[in-house]
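Me: I would like to go through this model by question and answer. Please show the sequence and structure.

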Amino acid sequence: MTDREVVLRVDGLVKEFAPGGGLARRTAPRTRAVDDVSFELRRGETLGLVGESGCGKTTTARCVVRLLRPTAGRVDFRGNDLATMGRRRLRGVRQEIQMVFQDPYASLDPRLTVHEIIAEPLRIFGRYGGGAGPRRVRELLDLVGLEAGHENRYPHEFSGGQRQRVGIARALALDPRLVVLDEPVSALDVSIQAQVINLLQDLQEELDLTYLFIAHDLDVVRHISDRIAVMRRGRIVETGEPEQIFDRPADPYTRELLAAKPITDPTQRAGREDPA
Amino acid sequence: MSGDAVLSVQGLVTEFRTPQGAVRAVDAVSFDVRPGETVGVVGESGSGKSTAALSVLGLLPPAGRVTGGRALFGGRDLLAMNPEELRELRGDAVSMIFQDPLTSLNPVLTIGAQVAEAVLVHRDVPERAARDRAVELLASVGIEDAAQRLDQYPHEFSGGMRQRVMIAMAIANEPKLLIADEPTTALDVTVQAQVLRVLAQARDRTGASTILITHDLGLLAEMADRVVVMYCGRVVETGDVFSIFREPRHPYTRGLLASRPGATAGARRLPAVPGQPPSLAAPPSGCTFHPRCALSQGREPCRRAEPDLLPVDDTGRASRCHYHRELAREEAR
């Protein structure tokens with residue numbers, strides 16, 4: 001993997017937020033949600049970003065896709081610094097970076113049909129017309145394992161797993177290179193989670209996608225990632241390959257996270273044995 | 001079988017009124033909870049696991065109605081009680097912990113007032129004594145400086161601390177039965193581990209029998225003595241937690257266990273359960289799991305006849321699968 005080109009290089013990323021309203025606003029210090037975060041992503045690679053709520057992982061993701069403007073640092077995407085890029089140039093780059101959100105119930109417009117939801121990015125970038133659009137939408141549905149007959153239905157007619165497939169199809173519409181996935185399976189039922197994880201891995205292979213995969217579930221992150229970065233209080237405390245993070249964690253916080261991880265089998269209960 | 005049970009749910013049926021007509025959310029569900037044991041009820045969204053608990057507690061939303069069955073608790077049928085009798089019972093002999101403590105706590109009352117209230121509703125004690133008891137309860141769930149924090153409001157507590165408050169309130173009157181519905185789902189991993197520990201301690205200290213409702217198999221691995229697996233409103237498998245994890249005898253249980261990323265170290269593809277969860281409004285014919293089941297391929301009985309929940313051995317394990325014996329043979333190899 002190290003011989004492949006670097007798609008994304010985040011260097012010294014900082015994001016501060018102004019304090020809430022009221023009188024405190026003038027005097028209270030700004031909150032530093034992301035504090036000097038650096039990492040690299042190579043083509044075809046999955047970097048898992050793990051940590052607990054409030055650690056800054058989602059803010060980092062939002063800075064990468066420029067839903068948020070970083071306070072400081074560089075977000076280098078194939079030679080362009082997104083952190084400082086102006087609106088017009090950003091628009092062009094946006095086609096190549098897409099995001100999949102956690103909640104497929106909240107992130108799809110309920111008034112649009114599945115066809116319209118997937119077609120929207122194509123229309124925005126002028127790639128829908130001339131018969132190409134409808135063809136592309138059908139191709140995308142097929143790619144994510146939905147039937148062509150589904151395209152005239154609305155999001156509420158689907159289960160959570162199917163909705164997340166629609167969200168993935170939409171994210172892939174413009175042929176992105178980098179997909180930022182923010183907790184893409186944590187709202188899904190156990191039996192459906194595995195389907196969507198398999199789908200994401202198949203798509204990565206087929207389309208040579210690069211993933212920034214954000215999650216709190218350590219087992220999910222271990223399964224899907226080539227490398228893992230552990231975040232705490234706005235900083236990356238440790239980066240490494242899954243085996244290294246799980247079997248030889250160097251940072252005390254990583255060890256704490258692993259110790260808190262739920263067991264997968266009752267025979268692992270401390271001080272208790274399987275009676276059989 | 002049910003003679004010594006703290007709670008014996010027998011043939012519970014719960015229906016919801018919907019624009020498409022009555023939908024059966026819980027269908028002939030039976031299980032026992034014995035003294036001091038923790039029964040884990042596991043299932044995915046729509047499986048009926050929470051609805052079954054709410055039915056037993058008389059807390060169904062207006063569209064829901066219990067249309068059959070009994071729930072015997074101390075010789076009395078909870079399903080036949082009037083609202084007044086149920087109110088007396090809830091928070092006293094039977095108490096509950098829900099997923100989201102922020103919506104279960106009153107935002108405009110102090111934590112102290114709410115914990116004391118949990119005592120005062122059911123016990124004729126002076127307010128002073130209730131307040132002392134509140135401090136004791138909060139301390140017992142690991143809230144430091146409990147006496148000082150009594151006058152704080154829910155928003156001044158973190159999610160994990162609020163859930164500790166809920167546990168304190170639930171054990172205020174030493175319940176015989178504790179029902180915890182996804183008690184740690186909204187919490188972070190490290191906080192989840194702490195709250196789970198507090199819950200286990202509270203259970204052990206009060207000796208309460210516990211029903212733990214969850215979608216999280218890890219929680220069962222950690223806490224349950226016995227497991228009830230629900231799918232599409234029905235119990236599809238029951239048994240002690242060790243047997244269920246070692247040798248699941250229903251294809252759905254087996255699929256759930258195998259599809260966890262943590263269970264298959266090294267495998268590139270997860271063995272996912274194919275298909276989508278069934279619609280309760282139009283459940284599949286025969287065995288409700290057959291459209292997603294590898295075992296049912298080309299087998300007429302699965303499509304035609306719903307299997308009964310029948311014992312698979314003499315240890316109290318039961319499975320609702322025509323071909324559960326094949327799963328046993330596979331495992332034995």
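Predicted model: local features only at pLDDT ≥ 70, side-chain atom pairs only at ≥ 80, totals over all residues.

Me: Which strands stand at the edges of the open sheet in chain A?

Reply: The open sheet has four strands in the order β2-β1-β4-β5 (chain A), and the pairing is antiparallel. Each edge strand has a single partner strand, so one side of it is left without a neighbour in the sheet. In chain A the edge strands are β2 (31-42) and β5 (80-81).

Me: Over how many bridges do β1 and β2 of chain A pair, and in which sense?

Reply: Within this pair, L13(A) stands opposite V37(A) of β2(A). Strand β1 (residues 6-17) of chain A pairs with β2(A) in the antiparallel sense, and the number of bridges is nine.

Me: Which elements of chain B give two or more residues to the side that touches chain A?

Reply: The contact involves 29 residues of chain B and 30 residues of chain A. On the chain B side, 14 residues are nonpolar, nine polar and six charged. The elements of chain B that give two or more residues are α8 (189-206), α9 (217-223), α10 (241-246) and α11 (251-258).

Me: Is P278(B) buried or exposed?

Reply: P278(B) is in the loop between α11 and α12 (300-304) of chain B. Leaving aside residues up to four places away in sequence, P278(B) touches C232(B), P283(B), P284(B) and T288(B). A residue counts as buried if 20 or more other C-beta atoms lie within 10 Å of its own. P278(B) has 20 other C-beta atoms within 10 Å, so P278(B) is buried.

Methods
Residues numbered from 1 in each chain as written. Chains lettered and ligands numbered in written order. Pairing = 2+ DSSP bridges. Contact = placed C-beta atoms within 7 Å. Nonpolar A, V, L, I, M, F, W, Y, C, P; charged D, E, K, R; others polar. Buried ≥ 20, exposed ≤ 12 C-beta atoms within 10 Å, placed from the backbone.
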